[in-house]
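Hi everyone, thanks for coming. Let me put the structure up, and then we can walk through a few parts of it together.

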Amino acid sequence: MWSPELAVLRGFPTEAEQRRWKQEGVAGSESGSFLQLLLEGSYEAMFLDSVTQNIFKSPVMPEEKIDSYLEKQIISFLNCSVDLDKTERQQLIFLLGVSSLQLFVQSNWTGPLAGLQPQDFLPSVLFQQFSEVKALDAVILSLLTLDGESVYSLPSKPILLLIAHIILVNVRHKLTAIQSLPWWTLRCVNIHQQLLEERSVQLFALAESCINQVLKLENLFVGDSGRYLAIQFHLECAYTFLHYYEYKKAKDQFDIAKDIGKLRIDMTGALGKRTRFQENYVAQLILDVRREEDVPSDCEFSPAPTPQEHLIQNLELNDDTVLNEIKLADCEQFQMPDLCAEELAVILGVCTNFQKNNPVHKLTEEELLAFTSCLLSQPKFWAIQTSALMLRTKLERGSTRRVERAMRQTQALADQFEDKSTSVLERLKIFYCCQVPPHWAIQRQLASLLFELGCTSSALQIFEKLEMWEDVVICYERAGQHGKAEEILRQELEKRETPTLYCLLGDVLRDHSCYDKAWELSGHHSARAQRSKALLHLQNKEFQECVECFERSVKINPMQLGVWFSLGCAYLALEDYGGSAKAFQRCVTLEPDNAEAWNNLSTSYIRLKQKVKAFRTLQEALKCNYEHWQIWENYILTSTDVGEFSEAIKAYHRLLDLRDKYKDVQVLKILVRAVTDGMTDRSGDVATGLRGKLQELLGRVTSRVTSDGEIWRLYAQVYGNGQSEMPDDNEKAFQYLSKAYKCDTQSSCWEKDVTSFKELVQRALGLAHVAIKCSKNKSNPQEAVQMLSSVRLNLRGLLSKAKQHFIDMASGEISGEVAGEVAAVDALVAELQALSNQFRNQY
């Protein structure tokens, strides 16, 4: 490995490394002067150097594309330069690529804007076809478009990213002398991705390849220097995976970084005060950070902290009630160790991972604020301070007491881009493992906050300046100015026609011809055009056309989460369950915590008669959303279908938690039959063992739903319907059957319908027989008489109803339709009377 590579990755050399370079003669070489400029942050000077000028300034054909010209010149230098040996040529090109990337980051992420212009180092003949720099930028941005996704239209100096991409991606196979090159390629990929509207499959494949190559470089992570670099690398990998929906891989990478840093990060409670007038200390949520072993925080391989005066100020809350920060009762108890750059970056990474893997909820916000408070308590590095403050402003914008600070802090974050007091080198310390948002994203958040606070014109000014036409359209649409949204889009189209502008015009006008124009203008490569066209078809319930457009869109770019979900919904509407299963499967692969996608996937499997798969997918859905009663309802039905009776009982309990009066008699019937008949469940166990759990469930159900006779009968059935060998069970069965009978008699018109009347008579006779059996086991004859009297009263009531409604008018006798039932009731009444007399004689 070339000795300065580690210093280039780190962003600074150690004193020992500088001495070694002098001994090796690195400083005196051509690449040594480039190296010095790079490590000093003098990136522009490298482009003005005669070597760079000679690489790019060469006769050029006017019709030659700029990217092919640049690549040809770089390859020509690598292959043919006579003044320098092969290795040094590779080192020079590598350092130029890194410098291009760093200068692009400076111009769009950290600030201040670089003064370098393309004309300063490229031949003038190359610009003859462009009337102004903006036209050149537009061409370069079209070259940076991937997978049919549009790029942000106003990044500064896109030529720098193009050069970095050519060197670090396109010609990387030529730079065999640079072992750490894949890591820089990964960084270039991550920066490139942030310009694109959607995730790019090409960039993700390249990123994965780079990660695997770096992991094979055993000598990169050796010793103390390697330890700090390893933390940075695993954090960068984690952010890459997180962006491309690979949540499991991202978590693994964050854990590795935390383990290498030997940090223990826990949420805990501590007594404290949050308001000025609070008298008593109460429990507050804080972050407890501990080192597992003593590690010196001033290691030479970790960046030195930036002086506080060069960091953005953490603004005070200035509220008359809420304190600026939690005032702990015992500050010493949770004193944090003095953390180095990499350790702070690990905490920020764990925080970001926590945010991505938890729902938007008040509790989640409180936990994230504990992370930001921890990070902001040690202001040391520009990248970490900026990232932490950005996260806090997002969390505080929903709080009436904190929104004013969020507004001021966002403005300060936007303004620091122009501030030249902090050097670029300070701003770039551990930049790549902190996910600092680009300058336009901070300004966009500022405009969004202004819009939410009612400052619509100020928000529009920022959005228009940033050429974020989609946000401009949303502002006008919400303000009800639909005509103004169309007008501004047409004005922009007169200046320059782009697929994105036509798509936005289509969104405003709901016109398919605009999307068709965008599709043609992109040369059939715009995933956005087909996506927007499909959504309009979906709104109009034109599902077949919708599916065709969505399929074209995901063929161009398969990493569109929302499109896969909408495609699945369209397939469901067409009753093409195979297509919907495939779409929702892709959706949950990209976003494993999308509960609705899991639920819809299970619906597709149910319709495809793949009930076991449906059961498993619903289990995943419930992991993502435990509060969604519709998912629980699907889960209970699927559980009973596949024979997971224990899960069905648990699901019923959960539905009672979520919906107080929930009932599903069919499910209860299946569960009761499974338990009483001794059916086997999916794993082969006999369901009789669930009798106790089912009794508990029915007890809970009947306490909520007291007027359903069917449920009371099922409850009695679980206790043996009065035919048990256990007197206590028969007693309970009698109670539940009595309540069921009472519910039945309270329903309307049963006494006028022959079938209903006969059915009720049979139930009354059955209840009477259970009463007779229970009375014989009573030790107290008075209780036995009371039980028999109650059922006898029921039977006499039925006899009086029969005489009221079922008398043959001709003969004056009971109608033949119910004569048999009435005779049975008469006989049983007599038997009950006789038995009651026997018990009375025992008094």
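I'll call a residue buried if its relative accessible area is under 20%, exposed if over 50%, and partly exposed in between, using a 1.4 Å probe and protein chains only. Please keep in mind that this is a predicted model, where local features need pLDDT of at least 70, side-chain atom pairs count only at pLDDT 80 or more, and totals for chains, interfaces and linings use all residues. Residues are numbered from 1 along each chain as its sequence is written, and side-chain values use heavy atoms, leaving out hydrogens and water.

Cysteines, then. Cys374 is buried, at a relative accessible area of 6%, and Cys743 is buried too, at 12%. How many disulfides are there, taking a disulfide as a pair of cysteine sulfur atoms within 2.5 Å? The count is 0. For Cys374, the nearest cysteine sulfur belongs to Cys351, 9.5 Å away.

Now the sheet. Helices (H or I, at least four residues) and strands (E, at least two) are DSSP runs numbered from the N terminus, and two strands pair if DSSP finds at least two bridges between them. Here 3 strands make an open, antiparallel sheet in the order S2-S1-S3, with S2 (282–291) and S3 (322–328) as the edge strands.

Finally, Asp681 sits in the loop between helix H33 (665–676) and helix H34 (691–704). Is Asp681 buried or exposed? At 19% relative accessibility, Asp681 counts as buried. Thanks, friends!

Note on methods
Disulfide = S-S within 2.5 Å.
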